[in-house]
Amino acid sequence: MAVKSYIPIRRIKIYWSIFLERKLLKKHFPFMKFQIKDGKLVCYGHFKPTDYSPIFSYKVEWIPGSPPKVFPIRPHIEYDDDIHMYGDGSLCLYYPKDFIYDSKSSHIYETIIPWTHEWFLFYELYLIKGRWLHPYVEHKKI
């Protein structure tokens, strides 16, 4: 009697989603580096908003079924109520009531990465002007 190997369908779908997302990111952002570990896609990228800007390095972590999280790496950006970050140090890129990240209809390359680059540009403007200039919904830490 032959023994059948069993791979849960859910696990196949998770890894298929991760490999698809990685392929799309590689195509549109070839400078990024990737790791896949324990059902999580981790992407490393960088962005320089202007010729006078520092190079901002960041990490994107994504587990299928949950929204991606973006963490600035260099330069270190300290949490502040006035800039759009969450308490865990990740960037606030969209208002969750206006946009729900769904990997079936959204992809990291067309949403999260461009929004991350835009966030760094507005962060630089914040450093110059002293206030966040991009439209936002108030969400200060209580």
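1. Rings of Phe, Tyr and Trp (the six-membered ring of Trp) are taken as a pair if their centres lie within 6.5 Å. In this predicted model, ring pairs link Phe56, Tyr58, Trp119, Phe120, Tyr123, Tyr126 and Trp132 into a cluster. The count of aromatic pairs comes to 10.

2. One of these pairs joins phenylalanine 56 and phenylalanine 120, which are stacked at 4.6 Å centre to centre with 15° between the planes. Phenylalanine 56 belongs to strand 3 and phenylalanine 120 to helix 2, so the pair ties together parts that are 64 residues apart in sequence. Phenylalanine 56 is buried, at 1% relative accessible area, and phenylalanine 120 is buried at 0%.

3. Tyrosine 94 and tryptophan 115 form a tilted pair, with 5.6 Å between centres and 55° between the planes. This pair also links distant parts of the chain, 21 residues apart: tyrosine 94 is in the loop between strand 4 (69–74) and helix 2, and tryptophan 115 is in helix 2. Tyrosine 94 is buried, with a relative accessible area of 17%, whereas tryptophan 115, at 24%, counts as partly exposed.

4. The largest nonpolar core has 30 residues, and Leu25 and Trp119 have the most contacts inside it. Two or more residues come from each of helix 1 (9–28), strand 2 (40–47), strand 3 (56–62) and helix 2 (112–129). Helix 2 gives the most, with 7 residues.

5. Beyond its neighbours within four places in sequence, leucine 25 is in contact with Pro30, Met32, Phe34, Leu41, Cys43, Ile108, Tyr109 and Ile113.

6. A charge also meets a ring: the charged end of lysine 59 sits over the ring of phenylalanine 71, 5.8 Å from the ring centre.

Conventions. Residues numbered from 1 in each chain as written. Predicted model: local features only at pLDDT ≥ 70, side-chain atom pairs only at ≥ 80, totals over all residues. Heavy atoms only, no water. Core = buried A, V, L, I, M, F, W, Y, C linked by side-chain atoms within 4.5 Å. Buried < 20%, exposed > 50% of the residue type's maximum accessible area, 1.4 Å probe, protein only. Helix = DSSP H or I, 4+ residues; strand = E, 2+ residues; numbered from the N terminus. Contact = heavy atoms within 4.5 Å. Phe/Tyr/Trp six-rings, centres within 6.5 Å; stacked < 30°, edge-to-face > 60°. Lys NZ or Arg CZ within 6 Å of the ring centre and 35° of its normal.
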